[in-house]
Amino acid sequence: MKLSVPGRATATAVTAAATLLVGGSIAGAAPAPDPAVAAAPDIPVANVKAHLTQLQSIATANGGNRAHGRAGYEASLDYVKAKLDAAGFTTTIQQFTSSGRTGYNLIADWPGGDTNQVVMSGSHLDSVTAGPGINDNGSGSAAVLETALAVSRANYQPTKHLRFAWWGAEELGLVGSRYYVNNLSSTNRAKISGYLNFDMIGSPNPGYFVYDDDPAIEKTFKDYYAGLGVATEIETEGDGRSDHAPFKNAGVPVGGLFSGADYVKTAAQAAKWGGTSGQAFDRCYHSSCDTTSNINDTALNRNSDAIAYAVWALSS
């Protein structure tokens with residue numbers, strides 16, 4: 001997640017591959033999944049953590065971070081792209097420039113489904129320069145990757161078209177996602193039924209926060225957590241500070257999940273969710289200690305399963 005008041009970075013430049021389709025209106029979707037629809041698979045948290053281990057190794061080998069314009073970011077993108085290519089996705093790299101360095105977005109389309117109705121899930125892949133960024137935002141990136149791989153393993157054939165994205169230069173001011181949205185035609189922008197954003201979903205002292213931007217998407221996540229008997233709260237800490245913002249500003253329905261950053265957990269929240277009151281949700285936010293040790297497995301597991309639940313429910 002980017003800092004609260006970033007300089008508004010500018011993105012110029014070149015798109016390195018053609019067709020970024022896009023997809024219609026979740027507002028018209030059924031508020032709850034049809035029980036006849038195929039159930040979403042359980043996302044193995046061990047698989048998600050294995051991706052985090054790889055991202056940690058990449059950071060360690062590349063100056064301790066995976067930041068925009070650095071070797072660690074490019075190696076992270078190569079890792080994710082290789083997994084998606086092997087699983088049968090059509091991948092596209094979109095190139096832009098920010099702060100004098102080249103950045104990259106990675107877009108992955110699952111073949112099939114109505115390309116006039118696109119359900120899109122994304123996360124930012126870059127870290128800050130101070131650390132490896134395993135919770136922020138290896139956690140969202142790994143969970144979105146594993147959900148995409150679960151789509152492939154299931155050979156899922158949804159009614160709507162599925163697209164997944166990993167954004168560059170979020171930490172510099174949502175640069176990659178803004179570049180993507182700004183370079184969509186109005187027709188393609190209108191084809192996006194919904195954009196789901198996942199930024200920091202494994203915080204070590206976690207909360208369970210749901211974006212309240214689109215009612216149908218919000219209800220989908222709340223239904224999932226109600227089924228677990230886990231209370232949720234409306235997400236306010238990261239409002240406008242992550243990659244859903246450019247989509248929302250362009251009129252696309254958005255939603256997502258968040259487990260907290262540098263806000264402090266209250267006594268009421270600790271009573272509801274466990275953890276430690278009076279302490280930040282993530283004490284290692286934007287720090288060198290945001291490593292694989294900085295992850296709460298329960299939060300990571302629940303949120304990863306919630307992503308799959310929403311992808312299946314909203315695309316059926």
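1. Strand 4 (residues 160-167) is mostly covered, with eight of its eight residues buried. Buried here means under 20% relative accessible area, exposed over 50% and partly exposed in between (1.4 Å probe, protein chains only). Strands (E, at least two residues) and helices (H or I, at least four) are DSSP runs, numbered from the N terminus.

2. This is a predicted model: local features need pLDDT of at least 70 and side-chain atom pairs count only at pLDDT 80 or more, while totals for chains, interfaces and linings use all residues. Residues are numbered from 1 along each chain as its sequence is written, and side-chain values use heavy atoms, with hydrogens and water left out.

3. Strand 4 pairs with strand 2 (residues 101-110) in antiparallel fashion through five bridges; two strands pair if DSSP finds at least two bridges between them. Asp109 has Arg163 of strand 4 as its bridge partner.

4. Strand 3 (residues 114-124) runs parallel to strand 4, and eight bridges join them. Gly122 is bridged to Ala165 in strand 4. With helix 3 (residues 134-154), strands 3 and 4 make a right-handed β-α-β unit: with the strands pointing away from the viewer, the path from the first strand over the helix to the second runs clockwise.

5. A search of the whole structure finds one disulfide, defined as a pair of cysteine sulfur atoms within 2.5 Å. The cysteines are Cys284 and Cys289, with sulfur atoms 2.1 Å apart. The link is left-handed, at -115° about the S-S bond. Cys284 counts as buried because its relative accessibility is 13%, whereas Cys289, at 35%, is partly exposed.

6. Overall, the chain has nine helices and eight strands, and buried residues make up 56% of its 316 residues.
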